Amino acid sequence: MKKLFISLTLTLAITSLIAGKSLAQVQLPEVTVTTTSTGAVVDQKITDAFSKSFSTASNMQWYSVDNNKRYLVNFTMDDLRNHVLYTKKGAIIYHIIYGFEKNLPMTLNSQVKGKYGAYSITSAINVKQNQRNIWMINLEDTKGYVLVRMADGQMDEMRKITKAQLELVGLAKN
C-alpha cells in the first residue's frame with residue numbers, strides 16, 4: 001500500500017511541479033524513452049559530465065530520449081535512487097533524488113514537523129532544476145496521507161487524502 005501511495009504521489013508531485021503557477025520555470029520536460037540501456041549509445045561528453053558530477057554512482061542505466069536529443073540515466077548513489085536528464089551537449093536538465101526523512105535537510109524537517117507533528121515522513125523526493133531545489137514530501141498518520149511541496153522557503157500542502165477515501169476507491173490495505 002505504501003509503495004502504491006508513493007507511486008501515486010510521485011505522479012501527483014511531478015504533475016504539481018509542472019502545473020504549479022509559482023513554479024512555472026520548473027517544468028520537467030516530458031520524457032519518452034525510445035531506446036533501452038542496452039541499445040543506447042551515449043556520447044562521451046555526456047558520460048564524462050556524468051562521471052564528473054556523480055563519481056560514486058553505481059548501477060547506471062542509460063536511455064535515449066526523443067530520438068537521441070536527450071539522455072536519461074537512472075542510478076544509485078549513497079543508497080538512493082537518482083534520475084538525471086541530460087541535453088545532447090551534456091548539460092543537466094533535471095536531477096531527481098528519491099530519499100527519506102533522514103535525507104531531508106534539518107531546517108526543512110523542522111518546518112514539516114512543526115506543522116505536521118503527528119505525521120511520519122515516509123519519503124522525501126528532491127527535484128533540482130534551473131538552480132531550483134524543490135522537495136516533495138509524503139507524510140502519513142493513522143488517518144491518512146499528505147503530500148507537501150517545499151520550495152523557496154515556502155511549504156505548500158499539495159494533497160491530503162484519508163485512508164477512508166482510499167477504501168472507497170479500493171486502494172486501502174485489506
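Modeller: Start with Lys89, which counts as exposed because its relative accessibility is 71%. The classes are these: buried is under 20% relative accessible area, exposed is over 50%, and partly exposed is in between, with a 1.4 Å probe and protein chains only. This is a predicted model, where local features need pLDDT of at least 70 and side-chain atom pairs count only at pLDDT 80 or more, while totals for chains, interfaces and linings use all residues. Residues are numbered from 1 along each chain as its sequence is written, and side-chain values use heavy atoms, with hydrogens and water left out.

Colleague: Where is the place of Lys89?

Modeller: Lys89 sits in the loop between strand 4 (80-87) and strand 5 (92-99). Helices (H or I, at least four residues) and strands (E, at least two) are DSSP runs, numbered from the N terminus. The protein chain has 4 helices and 9 strands. Their order along the sequence is α-β-α-β-β-β-β-α-β-β-β-β-α.

Colleague: What makes a positive surface patch here, and which residues form it?

Modeller: Lys45, Lys69, Lys88 and Lys89 form it. Patch residues have over 30% relative accessible area and no salt bridge; like charges are joined within 9 Å, nonpolar side chains (Val, Leu, Ile, Met, Phe, Trp, Tyr) within 5 Å. Lys and Arg count as positive, so four lysines give a positive patch. The place of each Lys charge is taken as NZ.

Colleague: Is Ala49 exposed or partly exposed?

Modeller: Partly exposed, because its relative accessible area is 22%. Ala49 lies in helix 2 (residues 44-53). Ala49 and Lys89 are 40 residues apart in sequence, and their C-alpha atoms are 9.4 Å apart in space.

Colleague: Why do Asp66 and Arg70 count as a salt bridge?

Modeller: The rule asks for a side-chain nitrogen of Lys or Arg within 4 Å of a carboxyl oxygen of Asp or Glu. For Asp66 and Arg70 the N to O distance is 2.1 Å, so the pair meets the definition. The rule gives 5 salt bridges.

Colleague: Which of the two partners is buried?

Modeller: Arg70 is, because its relative accessibility is 16%. Asp66 has 21%, so Asp66 is partly exposed.

Colleague: How do you know that the bridge of Glu140 and Lys163 links distant parts of the chain?

Modeller: Their side chains meet at 3.0 Å, N to O. Glu140 is in strand 7 and Lys163 is in helix 4 (residues 163-168), 23 residues apart. Glu140 has a relative accessible area of 10%, so Glu140 is buried. Lys163 is partly exposed because its value is 23%.

Colleague: What about Arg149 and Asp156?

Modeller: Their closest N and O atoms are 3.6 Å apart, and they form a salt bridge. Arg149 is buried because its relative accessible area is 6%. Asp156, at 23%, is therefore partly exposed.

Colleague: What makes a nonpolar core?

Modeller: A core is a set of buried Ala, Val, Leu, Ile, Met, Phe, Trp, Tyr and Cys residues joined through side-chain atoms within 4.5 Å. The largest one has 15 residues, and Leu85, Ile96, Ile125 and Met136 have the most contacts inside it. Strand 2 (58-65), strand 5, strand 6 (120-129), strand 7 (132-140) and strand 8 (144-151) each supply at least two residues of this core. Strand 5 gives the largest share, 4 residues. Another core lies apart from it, with 14 residues, including Leu108, Tyr116, Ile121 and Met150.

Colleague: How many residues does the protein chain have, and what percentage count as buried?

Modeller: The chain has 174 residues, of which 43% count as buried.

Conventions
Areas by Shrake-Rupley, 256 points an atom, 1.4 Å probe, with all protein chains shown as cover.
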